[in-house]
Each structure stands twice: as structure tokens, then as C-alpha cells.
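Colleague: I am new to reading structures. Please take one part of this model and walk me through it slowly, then show me how it sits in the rest.

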Amino acid sequence: MADKSSFLDSTPLGNSLEEIFLSTDIVPGDAVSYNICKAIFLYHPLGYKMVCGPLQLAMAEGRAITVPDSPGERVAEAFKQQWEEINADSYIFQTMAMSRVYGISSVALLIDGVASTEALDPWSLPDASIAFNIYDPLNTSGSLVISQQPMDMDFLKVREIAVQGNKFHRSKSITVQNEFPIYIAWNPSAFGFVGRSVYQRAFFPLKSYLKSMITDDMIETKVGVIVAKIKQAGAIANAVMKASAAFKRNVVKEAETGNTINVTPDEDVVSLNLTNMDAPHALARRNILENIATAADMPIKILAQEAFVEGFGEGTEDARAVARFVDRVRITMAPLYRFFDKVCQYRAWSPAFYESMQRDFPQTYGSMSYRDAFYRWTNSFTTEWPSVLEEPESEMARLEDVKLKAVIALIQVFEPILDSENKLVLYEWAADNIATNKVIFSAPLEFDFERLAHHLDEEEEKAQDLEDAQKEGLENMSQDSGDGEDDQSQGVPIKLGKADALGERFEKAASILAKVHPDAQDVIPIGKLRQMLATRKKR
């Protein structure tokens, strides 16, 4: 047992993979060291797939970035450009991959001329020269052991890292663990009581997979063997008989497609019979892959690169299982994305960028301070991952059509009862929702809302002037009316527009009408109109 432990924890020389996995000492439950994890990742056929396969699926399509509380797409585009300039996707991928290989990894922000121990000043990022470094457990060994004291505030928590004695302020680094730490469970691959490698539980079946590859090589070597059943010479074989047998073997060996060879009825030429190996080997290979996938807690379709029979768009159970797995992977990546989002926001939305926004949109940002605008953008900053289950274009168009009809219906419901300011809010909301409909509308919908607000105010003033004129006219008719017997007073024209749909205005008009002539109710059904408006109000 001592030899096995020292072997597994030592640095193998020569062919690392062969020396590790062809050892007879490996049994289920063996711990994987830092060097073994590195060798598996570098050389094992499934090493890269187990670590990077889920990450590639999760990050295959980037996030949708939107900043609704900003004009157009310029703010979002500036963020995307900065994201690409600092190569954020690559750093996130590397950090997540190293955490899956060893159990823990860290990414740190370095600023030229600023000590790593100083707290991050985000307002200085636009003009700073920055770099990101990825650190594996060997780089941070000693600083990520984490506390094992149950009453400690830092119990099983990572606070800060140190590399070669240089500490990083916690605002400048972020550490990711694969799985969660277990109390007093030392992981040699990560040099601490932290998360564990994705290879830990799959160590033994990974060895079995290599054996299946050796079997494949052996079958491939033997499958071309030709068995020539040649009649053997008698007990006394002379030189002529031996030469004849050798000649027949050479004929069989050199025969090709299009050639003809001759054998006696007692002789036969067949291939090596390997049919009995097919089913057991295929079953064992499949079981090994399932064991590895189960140990790594990942769908076997990712590990075996099996094609989906009906594809992601068909919504099969296998596809849904993979989609749920990818969603979990994206959740584990969320802290890294938040870290890089913050850096990108401060660098992309710099004071120089804001000055250009002030020049182009003076009505909105002319009197607004830079920090107020920055916080306004960050508060409305949203990201959304695309669904792994991709919908067909026809289905996406149908869903977008339903959304568009819902927007139109809400406008029809609320527009008649809103004042000009709330109408403007409604129109902006509708324009933002229509602008996100890229399936039906390829070009963005942009309104000049400042001019629209001025137009709505003018329309409201005209409606109010018309209402005042109607009211004044009705009052004058009341003063000029006689004893109520004039035929012209029996029909009083009242125009009920959108503004008169409100109950308050209707009651005012009804009271004025009652003063003009009580018999007017016989011409205009006031009661039925009041009932209709009440019913409409309830709806």
C-alpha cells in the first residue's frame, strides 16, 4: 500500500499515461494527485472532453446583451467591443476548465503600476493597463487551504489568494471550485480542503477505457489475418512437398482483388473468426463510457459524442437532459461573468464614451452627470443565454407574432384612458419590445420621443379646448332655452370622443344635459350609456 500511495503522488517520468493507468495498483477509491490530473488532461483521450465538452456547449453561443435604459444599441455595442478586446470569454473558459481539472482555480486582475494588495478602484479602469492571469492550485498552494474551524466566519470559504507570496485583494480576484468543499476532506489535486477534480470518481473507469483502446488495437491488428487451410504433407515430407506448401501460402498472401487462386477441395482460405468478440467488446465499451459519465455527473451523449436522433429542436428527453446540464454549467460560470462584466462596463462606458453620447443625445444626457448616466446603464444592464433547445425558424416566428399581438392589444386597452405622459411611456415600452423582434423585423424601430411628447401635449390641449367649447355651448343653450317646448331643444348634439370615455367626464356632460332640458333623456339614453360605460370599466 505504501508503494501505491507514493507512486500515485509522485511525478511520473517517461510516458506518463502508460505508467499511471497500466499500473495494477489502481483500484476504485484511489485519490488523484495534481500530476495525475495534469497527465489525464494532457494525454488521456477523454481528458479534454470531460473538462471542456460541457463548457464548449454552454459557451457555444454568446449571451444577449441589452441596456434598455439607453438610446439605441450604442451602449450595448460598446460593452461587446470591450468584451472582445480583453478576451473575456477565453479567460472564463480557462478558469472553468482548470477548476474542473484540479478542483479549484482562480483568475486575477493585474493593473500596471498598482500593487495587487490594493483594493480595486473601478473608476480608474478606463485609463489603466490591465491583464488577467489564470492560476491553478499549484500557483496558489498554501493560500487556498481554507478554514476548517466550524465557528470561524471563513469556515469552508475562499477569501483571497496569494501567488508566490503576493496577496491579491479580494476585489481583484475570483476563485471557482468544482463542486463544494467537504469538511476535513483533503484533495491532493487541489492542495487543500476544497473542491475536487472531475477525474476523481472516474479514475478507475478511465483506466478501463484505455484497456478498451488496447483491445481495439489488438482487434485491428488481427482482423486482417488470413487462415489458409492447406492439406498437410504426410509423415515423410520431402523438399518438394515443403516447397509446394510454401508456394501455396505465398499465393494466398499475395492474392488481390481481380486475381484468381486455385485450391483443392480439401483446402480452404478464410479470415480469422472474430465474430464472438463484437458483442462483448461493444457492451463493455459502452458500460465503461456510462461509468465515466456517471462518475463525472454528465450526460453520456456529451462524452461519447453521440448524435441526437431527432436533434435539439425536437425536444427529445435526451436533448432536454443535456439542456438542463448545460444550464447548470452556466450557473456555475455566473460569478466569473459578473466579475468580467464589471470590468468591461467601467472600461467600455468611459468618460470619453459618455462625452460622445452627450454630443449625440443632448436632450437626454446634456445636463446629466457621467456617474448618473453610468449607474443608469448598469442598473438596466441585462444578459440572457440563448436556449440550448433551438426552436425552428417557423416556431420562432410564431412566438414573435404572438408577442407582437400582445403588445398591440395592450396599446389598444390602455391608450384611451392614459394622459400624454403615460402614453409616451406606453409607446416607448412598445417600441422597445418591437425592436427586440429580430425574426419578423430586421430593421430597428426608432422614434423621436421628445417630438412625440410635444405632439401629445398639443393634442391634449386641443382636446381640452374642444371640451371647454362644448361645455360653454351647452351652458349658453341652457340660458337661451325657454319653457322647454321648443322643438330645437329636444335634440342636443353631444360628441363622445376618446376623452369622454371616462366616467367623470360623462357624468359632467350628463349633468349639463339635464340642465338644458329634462326631456333630453328621452332622445339620448343616458341610463343605457352609463351602464355601458360601467361595464366597459369593469372589463
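**A strand and its surroundings**

Modeller: S2 and S6 pair in the antiparallel sense, over five bridges. Keep in mind that this is a predicted model. Strand S2 covers residues 104-111. S2 is mostly covered, with seven of its eight residues buried.

Now follow the chain onward from S6. Strand S6 spans 173-177, and helix H7 spans 203-222. The loop between them holds Ser 197. Is Ser 197 buried or exposed? Ser 197 is buried, because its relative accessibility is 2% and the cut-off for buried is under 20%.

What does the side chain of Ser 197 reach? A polar atom of this side chain lies 2.5 Å from the backbone oxygen of Val 101. The backbone nitrogen of Tyr 199 is 3.0 Å from a polar atom of the Ser 197 side chain. Leaving out residues up to four places away in sequence, Ser 197 touches several others, including Val 32, Cys 37, Arg 100 and Val 101. Tyr 102, Gly 103, Asn 178 and Ser 189 are also among its contacts.

Next, the aromatic rings. The count of aromatic pairs comes to 31. One of them is Tyr 365 with Trp 377: the ring centres are 5.8 Å apart and the planes meet at 75°, so the pair is edge-to-face. Tyr 365 is in helix H13, residues 362-365, while Trp 377 is in helix H14, residues 370-380. The two residues are 12 apart, and the pair links distant parts of the chain. Tyr 365 counts as buried because its relative accessibility is 1%. Trp 377 is buried as well, at 0%.

Compare a pair within H14. Tyr 370 and Phe 374 form a tilted aromatic pair, with 6.2 Å centre to centre and 50° between the planes. Why about one helical turn between them? Tyr 370 and Phe 374 are four residues apart in helix H14, so about one helical turn separates them. Both Tyr 370 and Phe 374 are buried.

Charges can meet rings, too. The charged end of Arg 371 sits over the ring of Trp 123, 4.1 Å from the ring centre. Arg 63 lies over the face of Trp 83, and the distance to that ring centre is 4.9 Å.

What about cysteines? The count of disulfides comes to zero. Cys 52 is buried, with a relative accessible area of 1%. Cys 344 also counts as buried, at 0% relative accessibility.

Last, step back to the whole protein. How many helices and strands are there? The protein has 20 helices and nine strands. It has 539 residues, and 36% of them count as buried. Take the contacts with a separation of 6 or more: 70% of these are between residues 24 or more positions apart.

Conventions
Residues are numbered from 1 along each chain as its sequence is written. This is a predicted model: local features need pLDDT of at least 70, side-chain atom pairs count only at pLDDT 80 or more; totals for chains, interfaces and linings use all residues. Side-chain values use heavy atoms; hydrogens and water are left out. A disulfide is a pair of cysteine sulfur atoms within 2.5 Å. Buried means under 20% relative accessible area, exposed over 50%, partly exposed in between (1.4 Å probe, protein chains only). A polar contact is a pair of N or O atoms within 3.5 Å; within protein, one must be able to donate a hydrogen and the other to accept it, and residues adjacent in sequence count only if both atoms are side-chain atoms. Contact means heavy atoms within 4.5 Å. Rings of Phe, Tyr and Trp (its six-membered ring) pair if their centres lie within 6.5 Å; planes under 30 degrees apart count as stacked, over 60 as edge-to-face and the rest as tilted. A charge sits over a ring if NZ of Lys or CZ of Arg is within 6 Å of the ring centre and within 35 degrees of the ring normal. Two strands pair if DSSP finds at least two bridges between them.
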